[in-house]
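This report walks through one model, from its overall make-up to a few selected contacts. Please keep the sequence and the structure in view while reading.

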Amino acid sequence: MAFRRRAKSHPLFSQEFLIHNHADIGFCLVLIVLIALMFEVTAKTAFLFILPQYNVSVPTADGELVQYHYGLKDLVTILFYIFIAIILHAVVQEYALDKINRRLHLSKVKHSKFNESGQLVAFHLTSLIWCLYVVVTEGYVSNPQSLWENYPHVYLPFQVKFFYLCQLAYWLHALPELYFQKVRKEDIPRQLQCIALYLVHIAGAYLLNLTRLGLILLLLQYLAEFFFHMARLVYFTDENNEKLFNVWAVVFVVTKLFTLTLYILVIGFGLPRVENQALEPEKGNLFSFLFNHILFRMSVLLLVCLFQASVMWRFIHFQLRRWREYWHEQSSRKRAAACAKQQAKPLKRDSGKQGALGNRLPRAVGATSLQCPKAGWMGLWAAWAVGGVPAHGPWMGFKISSNPNRSIIL
């Protein structure tokens, strides 16, 4: 009878113990907060972790409407949902990505990128659907002027504030996940840059009371990112399938054009029409008061335009290099095919010259036949010639003279 081999146990609170059980530890902390809801003494404190705070009753024509603004207590709520994100991250990794990885047998580098894209596909798809629902139900698409009317938008609906808190929690949870997932040192700077950019943009829209504009921009950004990471997943399963990368390239250009247009429309033309409001810190319009000044507003617009221009420049440079490599590869394949056909034909040479040349060449040289080089991915090319005509290869060239002792390597 064969006994099941027990998994290796790690010392309590050691580094390996924390890495392998971080999701279980997070689940225990979340469970403690949920249990605290059951008791009257601790229920009020537990609500600080679960529900958004700073609710205000705003009078409307149909009655009172409960809305929210931001404050320091939001940090407690964000902390709670960081643990929720860590748990969901572990669930997706264990029950979806790990099972697919066992079937694909990827290398370590591809395995790390596959996990990264798999997690981001799940997150971008969920955020895309959620953001689209919020934008449609709040009427930001049907009424574009609402993006700048009545600015600053100090008071937020529940679903808008909850969406921003969850977004901040997810990108903050990505920082400890770099340690828990044992990300390679080469990938850490790139991922840190990506996380920092998302945090700056989302927190900036939240604190500057540009939540309506931020929702539209996140919708466009997540749409392009979803296609990119989906294309990477398909490529890892089948390296010959690159069609989704072409779809992503089109979606990327369209979304960036819409993003730049929205920035100029809202910040450059919409907000200057809004009357400047007085500073009221109790309402939470400290940052929006600064944003009313034209110098501050134009500085933000300039930084955003420069950032979008740099992103587009890198994208265009990448696509041009990719297309150049593709066409070089196609041309090298055609040359290789033509060379193979020419080699298959019998060589018609003068028998007297061929015999004289064969007697003068050494046996090792005479027994070797010239072969066409293989076409490489980078479109490496070669043109071989005989009888004193120079031939160039990817790194060197050969010039073959009639005297075998005088062959030159160029």
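A residue is called buried when its relative accessible area is under 20%, exposed when that area is over 50%, and partly exposed in between. At 38% relative accessibility, Phe 158 therefore counts as partly exposed. The model described here is a predicted one.

**Overall make-up**

The protein has 13 helices and five strands, and buried residues make up 34% of its 410 residues. Among the contacts with a separation of 6 or more, 67% are accounted for by residues 24 or more positions apart.

**Helix 9 and helix 11**

The axes of helix 9, which spans residues 243–270, and helix 11, which spans residues 294–344, come within 11 Å and cross at roughly 165 degrees. Because angles over 145 degrees count as roughly antiparallel, helix 9 is roughly antiparallel to helix 11. The crossing in which helix 9 passes helix 11 is left-handed, and the residues of the contact between helix 9 and helix 11 divide into 17 nonpolar, five polar and three charged.

**Aromatic pairs**

A pair of aromatic rings is described by the distance of the centres and the angle of the planes. A search of the whole structure finds 24 aromatic pairs, and two of them are set out below.

| Aromatic pair | Centre to centre | Angle between planes | Class |
|---|---|---|---|
| Tyr 68 and Phe 158 | 5.8 Å | 55 degrees | tilted |
| Phe 114 and Phe 236 | 6.4 Å | 55 degrees | tilted |

Phe 114 is buried at 3% relative accessibility, and Phe 236 is buried with a relative accessible area of 11%.

Ring pairs also build up a cluster, in which Tyr 68, Tyr 70, Phe 80, Tyr 81, Trp 130, Phe 158, Phe 162, Phe 163, Tyr 164 and Tyr 206 are linked.

**Thr 211 and its contacts**

Thr 211 has its place in helix 8 and counts as buried, at 2% relative accessibility. When residues up to four places away in sequence are not counted, Thr 211 touches Leu 156, Val 160, Tyr 164, Ala 205 and Tyr 206. Of these neighbours, Tyr 164 and Tyr 206 belong to the aromatic cluster.

**Leu 65 in strand 2**

Strand 2, which covers residues 63–68, contains Leu 65. At 43% relative accessibility, Leu 65 counts as partly exposed. Which residues does Leu 65 contact, leaving aside its neighbours within four places in sequence? Leu 65 is in contact with Val 56, Ser 57, Val 58 and Thr 60. The C-alpha atom of Leu 65 is separated by 10.0 Å from that of Asn 55, which lies ten residues away along the chain.

Key. Residues are numbered from 1 along each chain as its sequence is written. This is a predicted model: local features need pLDDT of at least 70, side-chain atom pairs count only at pLDDT 80 or more; totals for chains, interfaces and linings use all residues. Side-chain values use heavy atoms; hydrogens and water are left out. Axes are lines fitted to C-alpha atoms, for helices over the stretch in contact, and angles run from 0 to 180 degrees between N-to-C directions. Helices (H or I, at least four residues) and strands (E, at least two) are DSSP runs, numbered from the N terminus. Angles under 35 degrees count as roughly parallel, over 145 as roughly antiparallel, 65 to 115 as roughly perpendicular and the rest as oblique. A crossing is left-handed if the near helix is turned anticlockwise from the far one by less than a right angle, and right-handed if clockwise. Ala, Val, Leu, Ile, Met, Phe, Trp, Tyr, Cys and Pro count as nonpolar, Asp, Glu, Lys and Arg as charged, and the others, Gly among them, as polar. Buried means under 20% relative accessible area, exposed over 50%, partly exposed in between (1.4 Å probe, protein chains only). Contact means heavy atoms within 4.5 Å. Rings of Phe, Tyr and Trp (its six-membered ring) pair if their centres lie within 6.5 Å; planes under 30 degrees apart count as stacked, over 60 as edge-to-face and the rest as tilted.
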